[in-house]
Amino acid sequence: MKTELVKPMGDKNSIYDVVIIGSGIAGLYTALTLDSKYNIMVVTKNEVKECNSNYAQGGVAAALEEEDFNNHIKDTLTAGSGYNEKSVVDVIIKEAKENIMNLIDYGVNFDRNEDGSLKKTKEGGHSRSRIVHYKDSTGEEIIRALIEESKKRKNIDIFEKTFCVDLIKEDSKITGVILQKEMKRFDVKASKIIIAAGGIGKLFSNSTNSIIATGDGVSMAIRVKAEVMDMEFIQFHPTGLNIDEERNFLISEALRGEGAVLRNQKGELFMGKYHPLKDLAPRDIVSQSITYEMELQKNDGVFLDITHKDSEYVKERFPQIYNHCLEFGIDITKEYIPVIPIHHYLMGGIKVDINGKTTINNLYACGEVSRTGIHGANRLASNSLLEAIVTGNRISKDINKNLAKIDCKSEINYYDLKLMKEYNYSNEINEIRNIMSSNVFIIRYETKLKEALEKIQKITDELEENNTIAYYEVRNMLVTAKKIIEDAINRKESLGSHKIFNK
Ligand SMILES: Cc1cc2nc3c(=O)[nH]c(=O)nc-3n(C[C@H](O)[C@H](O)[C@H](O)COP(=O)(O)OP(=O)(O)OC[C@H]3O[C@@H](n4cnc5c(N)ncnc54)[C@H](O)[C@@H]3O)c2cc1C
């Protein structure tokens with residue numbers, strides 16, 4: 001097989017056993033753990049690095065010693081309001097070590113202590129330090145290493161700027177994918193398809209997420225009638241940098257793990273009023289508390305204060321955050337950081353079992369797009385990278401065990417498309433984001449949710465069919481928004497990240 005990372009599509013002689021949609025940690029790690037006898041196609045709609053994984057700062061939560069298993073399990077269940085699937089939590093936490101070791105084998109340089117042991121940090125909701133990390137840019141380091149390792153593998157081809165429009169379903173099983181590169185179409189048949197297409201952040205006006213996060217994976221799963229659930233459970237991160245930027249920069253929870261505290265606009269500490277764990281309470285609680293505090297103070301935004309820590313330590317431990325804030329004139333070693341809660345993560349998604357299998361034959365899902373049940377109603381910090389690697393490895397084991405090479409009946413059909421209409425959809429995108437951010441945010445009201453549903457339906461009804469990637473993205477945003485709102489309306493009681501008032 002060819003090894004170059006980027007190559008033109010359309011080689012009709014390429015035969016793929018497995019197609020993976022997405023080149024984040026879920027997609028690349030799964031590709032690497034699959035048996036090298038399989039030919040693997042990874043498609044990614046932007047450049048290979050552009051994904052949420054690349055922006056992860058804090059690290060990977062991993063109970064590396066057996067004595068920590070029960071604590072990590074307990075912290076995960078507490079954060080998730082007990083709505084988690086306990087058996088899934090057990091498996092994912094207990095298989096952390098094997099997968100962290102794989103990452104190290106693939107070349108990930110986690111920070112180490114002088115004696116060579118892995119450095120560990122703490123974030124909100126964790127009862128002890130167990131998060132392995134690379135400074136404050138863990139995701140970038142992991143993605144760097146996984147891309148380099150993938151390049152070495154002859155059986156993995158990665159296609160950049162290649163958009164998966166839909167899945168091909170025949171006789172109630174998935175048999176391939178419909179891909180589009182500019183105005184060229186490729187129908188690719190393969191034995192197993194893995195959706196690793198990430199999250200939904202770009203449905204909101206303010207989000208930490210990459211531009212790729214438009215709910216494509218969830219939406220394509222809905223179209224083939226795979227079960228999608230718990231979409232009302234969306235994590236809003238308490239501390240997005242409160243400065244106007246296209247992708248809201250995240251101020252990692254690891255700062256609070258290292259002693260930073262939240263202050264209101266009067267400079268007062270306030271988390272003690274809302275939760276005994278104060279600034280290190282689970283994320284849903286901190287985001288909701290900041291929202292209440294902003295309402296109380298009648299202003300928008302609070303501050304994060306790490307000025308009391310040694311400035312050299314802060315610069316060394318959080319170089320990315322320090323430098324980014326400095327670009328906006330904020331020296332975090334001397335000044336408070338303006339922060340505000342923003343969209344961050346999707347707990348719900350495509351329902352999968354512990355081996356990443358969806359409810360449709362031959363279709364797997366992995367990473368943020370999937371709903372394994374580990375997170376419950378609110379994700380414990382740094383459990384998502386962990387979920388992606390453990391599930392990715394389990395998907396690979398399932399395929400490695402069950403897919404005979406002979407099963408492969410791959411083919412690629414290629415055809416040119418004729419542009420139906422030139423149109424950029426910026427009005428529709430802005431409308432969707434405004435609706436989601438004003439009606440489906442941290443505090444929800446049933447009447448506002450119903451109003452949002454009507455508005456989303458109206459945009460959907462008025463959307464003229466087209467055959468551009470921009471059209472398919474907007475269509476996916478609308479399908480995903482509708483499902484989020486419907487699930488939010490159907491859950492009448494507040495639980496975890498879903499805070500609802502029935503009025
Ligand atoms: C700023 C930030 C900080 C974070 N920090 C942490 C942390 O410290 N610890 C932690 O555990 N989690 C963290 N998270 C969450 C975590 O990074 C993500 O949940 C995780 O990386 C998701 O990985 P993924 O592979 O599922 O998706 P992604 O990494 O987002 O990858 C999705 C891939 O799918 C591709 N794709 C999407 N749609 C299509 C399509 N239609 N066709 C083709 N390709 C498509 C994209 O191009 C991309 O390659 C953070 C998230 C953000 C945004």
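# Reading a predicted model, feature by feature

Student: Let me begin with one residue. Is Lys225 buried or exposed?

Tutor: Count neighbours. Lys225 has 11, so it is exposed. Keep in mind that this is a predicted model.

Student: Where does Lys225 lie?

Tutor: Lys225 sits in the loop between α7 and β11 (228–229). Look at its backbone too. Lys225 is not a glycine, yet its phi is positive, near 65 degrees.

Student: Which loop holds Glu182?

Tutor: Glu182 is in the loop between β8 (173–181) and β9 (184–189). Glu182 is another residue other than glycine with a positive phi, about 50 degrees. Now count its neighbours. Glu182 has 14 other C-beta atoms within 10 Å, so it is partly exposed.

Student: Now a helix. How far does α12 reach from its first C-alpha to its last?

Tutor: Compare its span with the expected one. Helix α12 covers residues 383–402, 20 residues in total. The span is 28 Å, close to the 28 Å expected at 1.5 Å a residue.

Student: How many residues of α12 are buried?

Tutor: Here 20 or more neighbours is the cut-off for buried. In α12, 15 of the 20 residues are buried, so the helix is mostly covered.

Student: Which residues come nearest to the ligand?

Tutor: Start with the shell. It has 44 residues, and Gly22, Gly24, Gly58, Gly198 and Gly367 come nearest. Then ask which elements contribute. Among those giving two or more residues are α1 (25–33), α6 (138–152) and β7 (163–170). Helix α12 gives the most, four residues.

Student: How do the shell residues divide into nonpolar, polar and charged?

Tutor: There are 18 nonpolar, 23 polar and three charged residues.

Student: How many residues are in the largest nonpolar core?

Tutor: That core has 143 residues. Val18, Val19, Ile21, Ile25, Ile40 and Ile194 have the most contacts inside it. Helix α15 (residues 469–490) supplies the largest share, ten residues.

Student: What does Ile194 touch?

Tutor: Skip residues up to four places away in sequence. Ile194 then touches Val18, Ile20, Ile21, Thr30, Tyr364, Cys366 and Ile395.

Student: Where does pLDDT stay under 50?

Tutor: Residues 1–8 are the stretch to find. The model has twelve contacts beyond four places in sequence for them. Where pLDDT is low, the predicted coordinates should not be read in detail.

Student: What is the mean pLDDT of the protein chain?

Tutor: The mean is 94, and 96% of the residues reach 70 or more.

Key: Residues are numbered from 1 along each chain as its sequence is written. This is a predicted model: local features need pLDDT of at least 70, side-chain atom pairs count only at pLDDT 80 or more; totals for chains, interfaces and linings use all residues. The expected span of a helix is 1.5 Å times one less than its number of residues. A residue is buried if 20 or more other C-beta atoms lie within 10 Å of its own, exposed if 12 or fewer, and partly exposed in between; C-beta atoms are placed from the backbone. A residue is near a molecule or strand if its C-beta atom, placed from the backbone, lies within 6 Å of it. Ala, Val, Leu, Ile, Met, Phe, Trp, Tyr, Cys and Pro count as nonpolar, Asp, Glu, Lys and Arg as charged, and the others, Gly among them, as polar. A nonpolar core is a set of buried Ala, Val, Leu, Ile, Met, Phe, Trp, Tyr and Cys residues joined through C-beta atoms within 7 Å. Two residues are in contact if their C-beta atoms, placed from the backbone, lie within 7 Å. pLDDT is the predictor's confidence in each residue, from 0 to 100.
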